[in-house]
Amino acid sequence: MRRLFETVGQVIVVREDQINDVAAVSGSGPAYVFLYVEEMIAAAERLGFEAAQARQLVRQTVLGAAELMESSGEDAAQLRRNVTSPKGTTEQAIIELQAGGWPELFDRALAANVRRSRELEAE
């Protein structure tokens with residue numbers, strides 16, 4: 001069965017009790033990325049970019065980052081460190097994002113997703 005799925009992409013094998021967790025991370029993951037893109041576009045527009053410019057800047061940034069992650073083989077944390085100069089502008093933005101509670105926010109979001117999956121199973 002694994003070989004069949006590998007014809008369309010990478011495959012990981014998980015325990016059956018992790019199916020809702022997989023759905024929370026991978027099944028819903030594209031929506032989380034799209035939300036990030038939406039928010040970055042809106043923020044760019046608030047900085048004064050025209051809508052088309054903001055869309056192009058953000059889309060190309062996300063595409064380039066994804067391509068680099070895929071082609072480099074580096075993990076995301078290392079790639080982030082590679083593009084974050086100590087005491088630089090990116091570091092300041094990262095500090096703000098982390099201070100905003102991103103780790104806890106993602107934990108709560110995934111927990112809400114899994115909780116809803118279980119509710120739907122029970123119905």
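**A walk through the predicted model**

Tryptophan 102 and phenylalanine 106 both sit in helix H7, four residues apart, which is about one turn of the helix. Helices (H or I, at least four residues) are DSSP runs, numbered from the N terminus. The model is predicted, and local features need pLDDT of at least 70, side-chain atom pairs count only at pLDDT 80 or more, and totals for chains, interfaces and linings use all residues. Residues are numbered from 1 along each chain as its sequence is written, and side-chain values use heavy atoms, with hydrogens and water left out.

A search of the whole structure finds one aromatic pair. Tryptophan 102 and phenylalanine 106 form this pair, which is edge-to-face, at 5.8 Å centre to centre and 65° between the planes. Rings of Phe, Tyr and Trp (its six-membered ring) pair if their centres lie within 6.5 Å; planes under 30 degrees apart count as stacked, over 60 as edge-to-face and the rest as tilted. Tryptophan 102 is partly exposed because its relative accessible area is 35%, and phenylalanine 106 counts as partly exposed at 41%. Here buried means under 20% relative accessible area, exposed over 50%, and partly exposed in between (1.4 Å probe, protein chains only).

Both residues also belong to a nonpolar surface patch of about 530 Å², made by Tyr36, Met40, Leu97, Trp102, Leu105 and Phe106. Such patches are made of residues with over 30% relative accessible area and no salt bridge, with nonpolar side chains (Val, Leu, Ile, Met, Phe, Trp, Tyr) joined within 5 Å. A salt bridge is a side-chain nitrogen of Lys or Arg within 4 Å of a carboxyl oxygen of Asp or Glu. Accessible areas come from the Shrake-Rupley method with a 1.4 Å probe, and for residues only the protein chains shown count as cover. Helix H3 (29–46) and helix H7 (102–122) each supply at least two residues of the patch, and H7 gives the largest share, three residues. Leucine 97 lies in helix H6 (residues 89–99) and counts as partly exposed because its relative accessibility is 35%.

H3 also contributes to the largest nonpolar core, which has five residues: Val37, Ile41, Ala44, Ala54 and Val58. H3 gives the most to this core, with three residues. A nonpolar core is a set of buried Ala, Val, Leu, Ile, Met, Phe, Trp, Tyr and Cys residues joined through side-chain atoms within 4.5 Å. Leaving aside neighbours within four places in sequence, alanine 44 is in contact (heavy atoms within 4.5 Å) with Phe49 and Ala54.

Asparagine 20, in helix H2 (residues 19–27), counts as buried because its relative accessibility is 12%.

Conventions:
Patch = residues over 30% accessible without salt bridge, like charges linked within 9 Å, V, L, I, M, F, W, Y side chains within 5 Å.
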